[in-house]
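Hello,

Here is the structure I promised to pass on. Please open it next to this email; my notes follow below.

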Amino acid sequence: QVQLVESGGGLVQTGGSLRLSCAASGNIFIINVMGWYRQAPGKQRELVATITSGGSTNYADSVKGRFTISRDNAKNTVYLQMNSLKPEDTAVYYCNPRGQLAGGHTFTSWGQGTQVTVSS
C-alpha cells in the first residue's frame, strides 16, 4: 500500500506562483517515475510533468518554461514549482508515483488532488 499526501494548492492571481508537494509513504522499494497531472472542469486529465529517479524530466508544452518538477528521493517526495500562472492552469492537480513495492510488485498511485485556481 502506498499513501500520498498532497499539499500546496490554492488561489492565486495571474502571474503568481504556487508550489505543490506530494509525499509518498508505505512499503515502497523504489519510485521510478513521479508525475503531476491535472484535470480542469469538463476536460480530460492531462500530463503536466514527470521526473524519473535519475532526474530526467518531461513537461507538457503548455507549462514548459513556467513549471519545474523536482524530487527528493530520500523523502519520496515530488514538488511542482509553478510560476507565471495563467487562468488556464486552473485545475485539480494530481500526484502520480509509479514504482515497485518492497515485495516486488509494481504500483501506481494517485493523490487525492489539490485545487489550483488562477484568477484573471
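Strand S5 pairs with strand S6 (residues 57-59) through 3 bridges, and the two run antiparallel. Keep in mind throughout that this is a predicted model.

**Strands and hairpins**

Start with the S5 and S6 pair. Thr50 has Asn58 in S6 as its bridge partner. The hairpin of S5 and S6 has 4 residues between the strands. Gly55 in that hairpin takes a positive phi near 100°.

Now look at the other neighbour of S5. Strand S4 (residues 28-39) is joined to S5 (residues 46-52) by 6 bridges. These two strands also run antiparallel. Tyr37 stands opposite Leu47 in S5. Between S4 and S5 the hairpin has 6 residues. There, Gly42 has a positive phi near 75°.

One general point for reading the strands: side chains in a regular strand alternate between the two faces of the sheet.

**Salt bridges**

The model has 4 salt bridges. As background, side chains of opposite charge can pair when their charged atoms come close.

Begin at Arg38. The Arg38 side chain meets that of Glu46 in a salt bridge, at 2.7 Å from N to O. How exposed are these two residues? Glu46 is partly exposed, with a relative accessible area of 36%. Arg38 has 5% relative accessibility, so Arg38 counts as buried, the cut-off being under 20%.

Arg38 also meets Asp89 in a salt bridge, at 3.0 Å from N to O. This pair links distant parts of the chain. Arg38 sits in strand S4. Asp89 lies in the loop between strand S8 (77-82) and strand S9 (91-101). The two residues are 51 residues apart. Is Asp89 buried or exposed? Asp89 counts as buried, at 1% relative accessibility.

**Where to look**

For a quick tour, go to Gly42 in the hairpin of S4 and S5, then to Gly55 in the hairpin of S5 and S6.

Best wishes

Key: Residues numbered from 1 in each chain as written. Predicted model: local features only at pLDDT ≥ 70, side-chain atom pairs only at ≥ 80, totals over all residues. Heavy atoms only, no water. Pairing = 2+ DSSP bridges. Buried < 20%, exposed > 50% of the residue type's maximum accessible area, 1.4 Å probe, protein only.
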